[in-house]
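Hi,

Here is the structure I promised to pass on.

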Amino acid sequence: MDVWHQLAGGFAVALLPLNLALAFAGAFLGTLIGALPGIGPVNGVAILIPIAYALKLPPESALILLAGVYYGAEYGGRISSILLNVPGDAGAVITTLDGYPMAQRGRAGEALALSALSSFIGGTLSVIGLTLFAPALAGWAIRFGPAEYFALMVFAFTTLASLAGKDPVKALISSVFGLMLATVGLDPGSGLPRFTFGELKLYDGIDFLVVAIGLFAISEVLVLMEQSFLGSARQMRVTSTRVSLMVFLSTLWTILRGSVIGFFIGVLPGAGASIASAVAYTTEKRLVDREGTFGQGDPRGVAAPEAANNAAAGGAMVPMLTLGVPGSGTTAVLLGALMMFNVTPGPMIFQQRPEVVWGLIASMYIGNLMLLVLNLPLVGVFARILTVPRWFLIPAIVTLSFVGVYAVNNSAFDLLFMTGIGVWGYLMRKFGFPLAPMILGLVLGHLMEVNLRRALAISGGDVGFLFQSPISLALWLLSALSLFLPFLVVRFGRGRA
Amino acid sequence: MRADRFVGLFLLALALWYGLEAKGLEAGYLADPLGPRAFPLLLSAVLLGLSLFMVFRPAAGVGVGFPAWKGQLAVIASFVVYSELLLPLGFVLATTLEVAFVARWLGASWGKGAAAGFGFSLALYLIFVFGLGIPLPLGQWWPA
């Protein structure tokens, strides 16, 4: 079959020594970044982009490294959830519910081993899903015209707004910030400078990298200064990380269900690892929690969210690669990174840059295997990072961010701009605005405008053209639905209360 | 007054300013009916509507506090100084100072912070320059 032929080509790329080393580095760093509370996949990927760029890696190698950090972080997040009751990243919040009680009962090693296995199964199943679905979706999306693309991007913003934050209005405002930033620079159509205020530095547009690192690393540092759990862990001994076959088998169906749920939720724009793990957990609780042991250290309560959050990471790659429309902050950052390497994801990527997509997919099979090995016997090493003091970690993140931006741009102006964006991002978070929509807006802004203008150039200015085809009409309806659903749910909830 | 209402008013001003800037741009023509102006105007209108929503329907007031503002301001100021000193002082010295300063605010002693900063920056320097081949500033104030 064609898919297997392509996948074999991908393995030829992924098995090159450089790419193997990068997949390992990504998996290792990802686990480390995931293990640290406060710093999640999006921060880690943002900090590593400039390094990948400055190394002049080929795009597929850079993507292999950055994606490794992304799905590796979903493995690492569980470590502090289980040991400290503090989630290592957003996808591991649910893992605290049963993971920490298991640790309190002296079953920490078992919980770590079981969650590593669940992560591996969830991760691998979702790569299989990616292998099978992505080419099909790309084949279907190849017929998308500018009107469909514009509607698709609107859909991505509205679902992200309704699912990602508590307040959809603030999430939408955040996306508008990103779109506004994207309009700075020379206009793609006429070449006219817009919002540059005579500043030549702004003609090329706002640098994606500077914004990504400012938003996700510098603002994170300012948030971390308010929190004290970093480095508060006492030295913890994790002696044996084993789980008996009996316990593993008793959770097998939970893991499989969690993986499938996680994958499909990951594919949806806007819904990522955190929603996937929550849905998987509540599903299992409803289905199998007959004795009411969920929440008191039930192994299935650890397996379900861990399988789901790793599966979601693979699922989230599907729209990013095949449509060029990411559905989460981290995949938006990955998309921005790809664009820096002059690769434009979308339905054509399977024909134009097969080495990039298939190399990445193949490397994800390998990376998940590496992560299983890293996270079973070596989990104690990663647990030790939780004892690194806060006073060292915070300036270390700062230094890495500055070095990264400096290595790519060599300019003190960009460092100041990054600091400014960091302060802006911090204030946004304080006032309840999610950051992911803003980075999505910045990454998609250009495409969104170009597609809108193309669509109206085709129709000669008739706005009705945007709603003509059945696909775009369906996307508009879904957008409206996703936007108004939260309001309706709130109304309904109030009416009943 | 709720914090959200303030934020809403600020965003309202931002939307108006952005919209006015956009209005000065060229309008479209036959082959490109929207031109460079329409998309920014659309964004301005969307932000205008959303910020009005925030002004008139602010979320239930959750107090926004800044318990660590002194340290945060100091750290932000140190970022600015660090950006400016990176080139003249060189990566290792500037980073040592930056790490020591931030660490001091987070409760470590000057000596501890400086030692950690020196070790960390030296290690990073060696990895970047000799391991990865990415140049970092050596410093302009030192005799070559």
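Two salt bridges link chain B and chain A in this predicted model. One salt bridge is between Asp32(B) and Arg453(A), whose closest O and N atoms lie 2.8 Å apart. Counting polar contacts between chain B and chain A gives nine residue pairs, both residues at pLDDT 80 or more.

Which helices of chain B supply the side that touches chain A? Helix H1 (3–23), helix H2 (35–56), helix H3 (69–89), helix H4 (91–105) and helix H5 (110–132) of chain B each bring at least two residues to that side. By class, the side of chain B that touches chain A is made up of 48 nonpolar, seven polar and seven charged residues.

As for the extent of the contact, 59 residues come from chain A and 62 residues from chain B. About 5,400 Å² is buried between chain B and chain A, with carbon and sulfur atoms giving 84% of that area. On the chain B side, the residues that lose the most area to chain A are Phe39(B), Phe79(B) and Leu106(B), together 13% of what that side buries.

Chain B itself is assigned two stretches: domain 1 (3–56) and domain 2 (69–132). Taken over C-alpha atoms, the centres of domain 1 of chain B and domain 2 of chain B are 41 Å apart.

On confidence, chain B has a mean pLDDT of 88, and 94% of its residues reach 70 or more. Within chain B, confidence is highest in H4(B), at a mean of 93, and lowest in H3(B), at 91.

Best wishes

Key
Residues numbered from 1 in each chain as written. Chains lettered and ligands numbered in written order. Predicted model: local features only at pLDDT ≥ 70, side-chain atom pairs only at ≥ 80, totals over all residues. Heavy atoms only, no water. Contact = heavy atoms within 4.5 Å. Buried area = accessible area lost by both parts, 1.4 Å probe. Salt bridge = Lys/Arg side-chain N within 4 Å of Asp/Glu carboxyl O. Polar contact = N/O pair within 3.5 Å; in protein donor to acceptor, adjacent residues only side chain to side chain. Helix = DSSP H or I, 4+ residues; strand = E, 2+ residues; numbered from the N terminus. Nonpolar A, V, L, I, M, F, W, Y, C, P; charged D, E, K, R; others polar. Domains from an automatic or database assignment. pLDDT = per-residue confidence, 0-100.
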